[in-house]
Amino acid sequence: MDGQHVTDKPGLLLALGEALLGPGSAYGRGLDSVDYHLGGGLSVVPPFTLIWHRADIARHALARHTVDHRPDRSYFEVAVRILREHGVTVVLQ
């Protein structure tokens, strides 16, 4: 997955959707949708490896976006955690 254009929440959901579901696909409006799909919804079935190129761009851009208004839960970190909890090997490059 190319993280070059992952600079906001919709960009992350689009990039994940295209990487895991195919061109033009996106995961709904939030990380709950990613969690649902990887947990048995219409999606690819883990285990698999996701190589996330330019992950530093997404990490930096999404650092100010938090989940549940907790500063220790950036949108980026929660997305990576959800993927890993479902058996996806996430390689950040």
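**Close-up views of a predicted model**

**View 1. His-5, ahead of the opening helix segment.** His-5 sits in the segment before helix H1 (9–21). Helices (H or I, at least four residues) and strands (E, at least two) are DSSP runs, numbered from the N terminus. This is a predicted model: local features need pLDDT of at least 70, side-chain atom pairs count only at pLDDT 80 or more, and totals for chains, interfaces and linings use all residues. Residues are numbered from 1 along each chain as its sequence is written, and side-chain values use heavy atoms, with hydrogens and water left out. His-5 is exposed, at a relative accessible area of 63%. Here buried means under 20% relative accessible area, exposed over 50%, and partly exposed in between (1.4 Å probe, protein chains only). Ala-61 lies 56 residues from His-5 along the chain, yet their C-alpha atoms are separated by 9.7 Å.

**View 2. Helices H2 and H4 in contact.** Two packed helices are described by the angle between their axes and the distance between the axes. Helix H2 (residues 31–38) packs with H4 at an angle of about 5°. Their axes are 10 Å apart. Axes are lines fitted to C-alpha atoms, for helices over the stretch in contact, and angles run from 0 to 180 degrees between N-to-C directions. H2 and H4 are therefore roughly parallel to each other. The classes are these: under 35 degrees is roughly parallel, over 145 roughly antiparallel, 65 to 115 roughly perpendicular, and the rest oblique. From H2, the contact uses Leu-31, Val-34, Asp-35 and Leu-38. From H4, it uses Tyr-75, Val-78, Ala-79, Ile-82 and Leu-83. Contact means heavy atoms within 4.5 Å. The residues of this contact divide into eight nonpolar, no polar and one charged.

View 3. A salt bridge is a side-chain nitrogen of Lys or Arg within 4 Å of a carboxyl oxygen of Asp or Glu. By this rule the count comes to five salt bridges. The pair links distant parts of the chain: Arg-59 is in helix H3 (residues 55–61) and Glu-77 in helix H4 (residues 75–85), 18 residues apart. Arg-59 is partly exposed, at 36%. Glu-77 is also partly exposed, at 36%.

View 4. The side chains meet at 2.9 Å, N to O. Both residues lie in helix H4, four residues apart, about one turn of the helix. Glu-85 is exposed, with a relative accessible area of 52%. Arg-81 is partly exposed, at 35%.

View 5. Arg-73 belongs to strand E3 (residues 70–74). Arg-73 is buried, at 18% relative accessible area. Neighbours within four places in sequence aside, Arg-73 is in contact with His-65, Thr-66, Val-67, Asp-68, Val-78 and Arg-81. Arg-70 and Asp-72 form a salt bridge through their side chains, at 3.0 Å, N to O. Asp-72 is exposed, at 53%. Arg-70 is partly exposed, at 38%.

**View 6. Trp-52 and Phe-76, an aromatic pair.** The structure holds one aromatic pair. Trp-52 and Phe-76 form it, and the pair is tilted: 5.0 Å centre to centre, 55° between the planes. Trp-52 lies in strand E1 (residues 48–52) and Phe-76 in helix H4, so the pair ties together parts 24 residues apart in sequence. Rings of Phe, Tyr and Trp (its six-membered ring) pair if their centres lie within 6.5 Å; planes under 30 degrees apart count as stacked, over 60 as edge-to-face and the rest as tilted. Trp-52 is buried, at 0% relative accessibility. Phe-76 is buried, at 0%.

View 7. A cis peptide bond joins Pro-46 and Pro-47, with omega about 15°. Pro-47 lies in the loop between H2 and E1. Arg-54 is in the loop between E1 and H3. Phi of Arg-54 is near 55°, a positive value in a residue other than glycine. Arg-54 is partly exposed, at 39% relative accessibility.

Conventions
Nonpolar A, V, L, I, M, F, W, Y, C, P; charged D, E, K, R; others polar.
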